[in-house]
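Dear colleague,

Please find the structure below, followed by an account of what was found in it. I would be grateful if you would read the two together.

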Amino acid sequence: MTPALRDIWVYLAATPLLWLTATLLAYWAAFRIHERAGRAPLLNPVALAVAALVFVLSVSGTPYETYFEGAQFVHFLLGPAIVALAVPLYAHRRTIAASVLPMAAALVAGSVVAVLSALAIAALLGASTETLWSLAPKSVTAPVAMGIAEKLGGLPSLAAVLVIATGITGAMIATPLLDALRIRDWRARGFGVGVAAHGIGTARAFQVNELAGTFAGIAMGLNALLTAVLVPAVAALLR
Amino acid sequence: MIGALATLLLFQLAGETIVRLTGAPVPGPVVGMALLVAALAVRRGPGEILPGVANGLLQHLALLFVPAGTGVMVHAARLGEEAVAVIVALVVSTALTIAVAASVFVLVARATDRGEGTERGA
């Protein structure tokens, strides 16, 4: 790099503008690739954008903290977006009211399977106690999962990583899995993804079908509540 | 549009306040969402502008997870030797959860209603 270019880089790298722009560009490119590929679930836009950004950050030697100073403006919108779920929820209120029983049954079944299967498989494969309790709340939205993990002696930051990884996994496998199971009810498809893969699953569901997205959003909210009660109860039983 | 954004932020703020006051194990925005549904029910609908802004945010909900997802880079090393156990548990458990929850939903729905989701969504 010439000295002039280096000066520009030093200046830009320190402002939120650079990494905010990079975040939007990475997502936009990822989204276009996803669209071009006929919304192929494996080419998940979150996964592609994260991979591109991690590459750019490591090549340029930028610490995550510096990146987040710019990206925080996008991150902040998660809160208002979750509040915005109220709009489709209200629009579909009749369908939702008619689906209370299937939702309750699917919520309990999904929540229990999410926690117990993760604990059982990881324990069989020899994961440490710290890792187990960071993994247990993997299917709920990050702030709740971090709170649960912390209370039980897991690592909140590891829990957040596992939550994101679970979300991306769920968004990638849901469509082929549900097609293979021949489940065509958009409510059931959305609800299953929302219970297993919280917000990232909900984001995928909204891109596929609005009714599925709405049910995914409901499942995400309800599972946050149930898992917060369930995981400490399982921990108390096991200890 | 500003009014719609202010509405979303106001309900988030109310949700955060309630969560702080009660110590409930839910994120503030989820409580804000529930409050906004209640407000929409009282007002009998969201008006003209709010749906546009809400759908705009929700259509690109995936974008909003990119900054947190990039944080994976910082903590990926922490997995170390346990990476295999964690990845297997995570993938299998996520697949099982989706399959079980969606199947239970379908079974109970078949017993209790007329399969509305398929008719409307197809």
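**Helix α3 of chain B**

In chain B, helix α3 (residues 50-59) has as its buried residues B:Leu50, B:Val53, B:Ala54, B:Leu57 and B:Leu58. Buried here means that 20 or more other C-beta atoms, placed from the backbone, lie within 10 Å of the residue's own; helices are DSSP runs of H or I with at least four residues, numbered from the N terminus. Viewed down the axis of α3(B), these buried residues fall within an arc of 130 degrees, so they line one face of the helix. The arc is that of the directions from the helix axis to the C-beta atoms. The buried residues of α3(B) pack against α5 (78-84), α6 (86-91), α12 (186-208) and α13 (210-238) of chain A, together with α1 (2-22) of chain B.

**The two chains**

In total, 100 residues of chain A are in contact with 71 residues of chain B (C-beta atoms, placed from the backbone, within 7 Å).

**Confidence and conventions**

This is a predicted model, in which local features need pLDDT of at least 70 and side-chain atom pairs count only at pLDDT 80 or more, while totals for chains, interfaces and linings use all residues. Residues are numbered from 1 along each chain as its sequence is written, and chains are lettered from A and ligands numbered from 1 in the order in which they are written. The predictor gives the complex an ipTM of 0.89 and a pTM of 0.87. Chain B has a mean pLDDT (the predictor's confidence in each residue, from 0 to 100) of 86, with 89% of its residues at 70 or more.

Yours sincerely

Notes: Contact = placed C-beta atoms within 7 Å. Buried ≥ 20, exposed ≤ 12 C-beta atoms within 10 Å, placed from the backbone. Helix = DSSP H or I, 4+ residues; strand = E, 2+ residues; numbered from the N terminus.
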